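I'll jot down what I look up as I go.

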Amino acid sequence: MSSEATDETPPPPDALDVQKLYRRIDPAVFDFETTDELTDVEYTVGQDRLVSSVRFGMGMKGPGYHIFALGPRSTDKRSLVEAHLHSGSRDEPVPPDLCYVHNFEDPYRPRLLRLPAGMGTELSQAMEQLTGDLEPSLIAAFESEEYQNRRRAVEEAAQEEHGKGFEELQERARSKGLALLRTPAGFGFIPLRDDGEVMEEDDIKALTQEDREEFEERSEDLQEELQALLRTVPARKRDVRNRIKKLDREIADFAIRELVEGTRSRFQGQESVLEFLDQVQADVVANVQAILGAAGQAGGQEENPFAQTQALDPDTSGGGSENPLLARYRINLLVDHAATEGAPVVYEEHPTYKNLIGRIEYRSRMGALSTNFSLIRPGAIHRANGGYLVLDARSLLMEPFAWEALKRVLNTERLKIESLGQSYSMLSTVSLEPEPLELDVKVVLVGERRIYYLLSAYDPDFPSLFKVEADFEDEMSRDGDTDLKYARFLTGLIRGRELRPFDRDAVARVIEQGARLAGDREKISTRTLEVEDLLQQADHWAGEADRSVVSPDDVQKAIDQQIYRASRVRDRIQEQIHRDTLFIDTEGEAVGQINGLSVLQLGSLSFGRPTRITARVGLGKGEIVDIEREVEMGGPLHSKGILILKGFLSQRYARRLPLSLRASLVFEQSYGGVDGDSASAAELFALLSAIGRIPLKQSLAVTGSVNQHGYIQPIGGVNEKIEGFFDVCNDRGLTGEQGVVIPRSNVKNLMLRPDVVAAVEEDRFQVYAVETVDQALHLFAGIPAGGPDEAGHYPAGSFNAAVESELTHMAERLRSFVQSENGAASGESGGEAGHG
């Protein structure tokens with residue numbers, strides 16, 4: 001109930017009982033001696049919302065139901081999410097293997113084969129065996145006596161047909177006294193002598209002109225027949241080549257049919273594989289001469305009749321001494337799920353564009369770049385297709401082009417491998433265009449809350465792609481079963497890091513520290529990285545002490561050493577207070593002066609720092625000057641607290657008379673920014689002390705915000721603030737009078753250090769919890785605050801009565817001053833008028 005609701009003065013609150021300063025766990029509640037005895041291990045605890053969200057995201061198959069797991073940095077979000085993904089994906093079907101093969105119709109567009117899990121490896125091995133057996137089988141077939149005889153028969157038949165035409169022409173020429181002879185200049189007709197022999201050159205010269213003309217006339221018809229016969233030679237040669245090629249194809253088809261059929265029998269029902277094998281068989285038959293020619297070059301067969309060069313476009317060579325034409329019959333096994341159980345869960349720790357989308361590699365030869373389907377490399381999305389891809393949001397956003405590429409893939413639900421040069425038209429180099437992959441993947445981004453909210457606000461594509469928000473809890477409630485569950489959770493972390501077992505007292509101490517990390521005796525921190533660090537460090541100190549089981553002393557030493565390593569600045573501040581460089585009083589009384597408390601966060605350490613707050617008042621028009629704000633060192637929340645003080649003063653003390661003061665408030669020796677309203681109660685008490693000229697105890701410090709109705713509101717960092725003032729008092733010597741005043745609503749947050757608790761238990765230090773301004777004033781001034789009577793007046797001798805009385809006097813003095821000023825001004829005005 002408010003102090004203004006009654007004319008009775010509420011009694012000052014008693015100091016808090018020691019049990020309210022720290023919630024201990026009785027290790028006897030645990031039914032184990034060490035964590036080695038625990039078999040039922042929890043790997044996540046207090047994350048029901050997260051688990052429900054992840055399960056929903058895994059089950060939803062509609063477009064855009066990808067997951068964003070958001071939480072604080074100090075939580076091992078990735079491990080927790082992956083654990084649930086692995087657990088839920090075990091019963092899901094294993095996705096198909098992915099293979100790229102040569103496209104015989106368009107070599108620049110490799111085909112993608114999707115095969116049942118494990119069959120990709122089987123096909124790759126089968127094609128390796130087939131290509132390995134192919135060349136020997138072809139060579140054996142073409143070196144066989146049957147082939148040689150049939151080829152010889154074709155060639156001899158052609159020779160015979162060709163020779164028959166020349167023989168017939170020769171006979172006709174002889175009948176006309178001419179002979180058909182081959183000369184260096186070609187074929188020609190030469191006259192015959194009477195004995196049938198060819199005339200010599202001298203005989204021909206001896207012929208008369210008439211005889212010569214006769215021979216020429218006889219040879220003209222024969223020349224036409226000869227030309228006609230010669231014109232048939234190319235066609236005859238082509239026919240021979242075609243007949244030999246047909247023979248070669250027949251032999252090749254026969255030679256490889258058994259090999260291909262043996263492979264086909266292993267992949268019945270896989271239409272894409274059977275189609276590919278048909279194309280391989282047809283290509284081998286069609287290019288058998290080139291294959292054997294390349295085999296001669298690769299094997300060094302100088303007299304191979306088929307040896308010839310052939311340009312391969314794109315590069316289908318496999319490098320080395322192997323037959324380059326056979327490389328295109330092999331398989332590029334992009335993703336192999338032979339050993340995968342359930343749907344894959346893939347984490348890509350370096351999510352660059354290429355690592356996500358995949359890439360096409362190039363081979364440099366003679367200064368030129370070439371590529372082929374075997375140089376296609378998979379990305380993380382290929383490996384995760386049919387399952388789950390986990391990415392760190394911050395790492396993804398820091399990689400150029402990666403975020404936009406991922407969104408494009410998720411929007412189109414198709415994965416197309418292309419270089420950045422192709423995507424952004426920066427290069428005109430001819431490259432491959434592999435067949436795109438139809439996408440079936442669930443992407444899980446893991447990141448901080450700030451990243452999630454920024455993407456939601458500023459990326460229009462984000463809300464439609466990541467519809468599932470999986471939010472990590474920072475803390476969990478403590479109830480009857482929580483401590484045991486948390487012990488099982490700690491056991492999971494201990495075994496995961498292969499640490500020494502913890503005894504139950506050590507487990508209890510870790511749980512107590514978990515409540516301290518949560519800043520709430522009724523909660524436990526679920527920020528796993530902080531807890532895991534504590535476990536590892538306790539294990540280290542147990543090893544230093546040559547213990548096989550971690551004890552509570554090891555846990556406490558880990559906590560103390562964490563603080564010690566990070567506390568240089570805190571210790572320097574305490575030293576400055578000890579040497580009176582920073583002014584803090586811990587005994588006596590002072591008017592308009594009070595010890596306020598603040599929290600500093602430096603790296604991993606938060607610590608409390610006491611600060612002297614002072615107030616000064618004079619006549620004015622109800623102004624309260626915030627010096628911090630005037631010099632632009634105060635933040636908006638602090639300024640808000642000052643305005644609330646003015647509202648409180650007006651409501652309580654200015655119902656009949658206006659506030660006739662000008663007050664100033666300042667954090668003494670503050671050289672940095674000030675923000676937050678947790679010091680507004682201290683500022684109010686200093687201000688009221690200055691107005692009423694009532695001294696306040698300097699042995700007390702206070703933290704808390706105040707509202708316009710006079711209630712003390714909760715603040716953060718209450719443990720650190722109490723400990724900060726305790727350290728100053730302890731350094732100077734505890735008297736039993738020192739203590740800290742906190743909001744009563746912060747009692748549930750108390751998890752104080754053991755030395756503070758011990759001091760309170762020994763009555764050498766006190767912690768008070770208040771609900772209202774009046775309760776706190778009674779503690780600081782040692783006199784009742786006083787409640788108003790029916791007329792609104794406060795009882796004599798009370799704190800409020802002194803303040804009200806002084807404000808009344810100030811209003812009267814200000815009124816008298818204004819009246820005198822106005823009278824003097826009127827007199828001067830009248831004198832001037834009379835003189836005129």
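Among contacts in the protein chain between residues at least 6 apart in sequence, what percentage join residues at least 24 apart? I looked it up: 77% of them do, with contact meaning heavy atoms within 4.5 Å.

Ground rules first. I'm working with a predicted model, where local features need pLDDT of at least 70, side-chain atom pairs count only at pLDDT 80 or more, and totals for chains, interfaces and linings use all residues. Residues are numbered from 1 along each chain as its sequence is written, and side-chain values use heavy atoms, with hydrogens and water left out.

**Entry: the whole chain.** I noted 27 helices and 29 strands in the protein chain; these are DSSP runs numbered from the N terminus (helices are H or I with at least four residues, strands E with at least two). The chain has 836 residues, and 49% of them count as buried, meaning under 20% relative accessible area with a 1.4 Å probe, protein chains only. I put the accessible surface at about 41200 Å², with 47% of that belonging to carbon and sulfur atoms; the method is Shrake-Rupley with a 1.4 Å probe.

**Entry: a five-stranded sheet.** Next I traced an open sheet in the order E7-E12-E15-E1-E16, with parallel pairing. Two strands pair if DSSP finds at least two bridges between them. E7 (345-347) and E16 (468-471) are at the edges with a single partner strand each, so one side of each has no neighbour in the sheet. From one strand to the next, the twist averages 20 degrees.

Inside that sheet I checked E1 (residues 67-70) against E15 (residues 442-447): they pair in the parallel sense over four bridges. Leu70 sits opposite Gly447 in E15. Helix H14 (residues 449-458) packs on the sheet and touches E1, E15 and E16. The direction of H14 makes about 140 degrees with that of E1, on a scale from 0 to 180 degrees between N-to-C directions, using axes fitted to C-alpha atoms.

**Entry: a covered strand.** How many of the seven residues of E23 (residues 661-667) are buried? Five are, which leaves the strand mostly covered. E23 runs antiparallel to E21 (residues 605-619), and seven bridges join them. One bridge I looked at pairs Leu619 with Leu661 of E23.

**Entry: two helices.** The axes of H18 (residues 528-544) and H19 (residues 552-566) come within 8 Å and cross at roughly 110 degrees. H18 and H19 are therefore roughly perpendicular (65 to 115 degrees). Trp541 and Leu534 of H18 are among the residues making the contact, as are Ile559 and Arg565 of H19.

Key. Parallel < 35°, antiparallel > 145°, perpendicular 65-115°, else oblique. Buried < 20%, exposed > 50% of the residue type's maximum accessible area, 1.4 Å probe, protein only.
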